[in-house]
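Work through the exercises below with the sequence and the coordinates at hand. Each task is followed by a stepwise solution.

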Amino acid sequence: MIIVLIGWLYARYRVVDMSTANRLNVELLSPLLVFSAMTSKNAALGQYGQLLLFATVIILSSGVVAYALAARLGFNKLAFSVPQMFTNTGNMGLPLWLFAFGESHFPAAIAIFILTNLLHFTLGIKLFNRAAPLSDVLKTPMIWALAAGLLVQNTGLALPIWLLKPIKMLGEIAIPLMLFALGVRMAQFKVTRWGAGLLGGLLCPAVGLAIAWPLAHYLPSGQAGILLLFAALPPAVLNYLFAEQYQQDPELVAALVVAGTLCSLVSIPLALWLGFNTLA
């Protein structure tokens, strides 16, 4: 929130064009962040088939509900619904999963992280830009980063530290740059969008937890807690970058991301309480 505020304050006093920085983030920094995360932890997707199926159900169902509500209220349907589908599994989800459920369950969290990124950089881009050929979507840098990460995991290839260190350093730029860009964008839109943003920020965890709660009872306790926490996460900052790139009402998406992050101060403790006290 402080980084977003710094971006907002800077943009209040300077004319800022973040288009080049946003492109750099999508095409280079974020893929390096994902590759670095995948090569630092082992995530065998085949062991978590049911968990990944339930996570996919939450993603798709959240989009359908949000799309229907946006159509009824007259919002941009894609700008309102896509952020509900793809939540902040990276800079918020991964640390929370690790500290809440420990190293033993962290591979399951990495599996959800990989799934979300695969869908975001294929289905998410296709929804925002339906004219994009599927072949172009599959050539995005994030897909190649995911493929390279899976290759390293499955072959046991040990990359030298002189290569991993700069990859990790560049990847770590992605999240603060996303947040700074969000603050810059917030300085450029009217506060009237907060109404729609707050509605979406409440809708995202409400729908997610309503779907995840019955499904979690079919999972082992650790995976059930991970699924519930996944369902309570707010929209990812990356949605804003895509919305700006494909001209899908980035002001609305920025409001959804910030309001959703504020609402997560309630939804995430609720999800953790459900995971630890009810499904233990």
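**Exercise 1.** Classify Phe75 and Phe80 as buried, partly exposed or exposed, and classify their ring pair.

Step 1. Phe75 has 24% relative accessibility, so it counts as partly exposed; buried means under 20% relative accessible area, exposed over 50%, and partly exposed in between (1.4 Å probe, protein chains only). Phe80, at 0%, is buried.

Step 2. The model is predicted: local features need pLDDT of at least 70, side-chain atom pairs count only at pLDDT 80 or more, and totals for chains, interfaces and linings use all residues. Residues are numbered from 1 along each chain as its sequence is written, and side-chain values use heavy atoms, with hydrogens and water left out.

Step 3. Rings of Phe, Tyr and Trp (its six-membered ring) pair if their centres lie within 6.5 Å; planes under 30 degrees apart are stacked, over 60 edge-to-face, the rest tilted. With 5.3 Å between centres and 40 degrees between planes, Phe75 and Phe80 form a tilted pair.

**Exercise 2.** Classify the ring pair of Phe101 and Phe276, and state which helices hold the two residues.

Step 1. The centres are 5.4 Å apart and the planes lie at 20 degrees, so the pair is stacked.

Step 2. Phe101 belongs to helix 5 (residues 89-101) and Phe276 to helix 13 (residues 250-278), so the pair ties together parts 175 residues apart in sequence. Helices here are DSSP runs (H or I, at least four residues), numbered from the N terminus.

Step 3. Phe101 is buried at 12%, whereas Phe276 is partly exposed at 42%.
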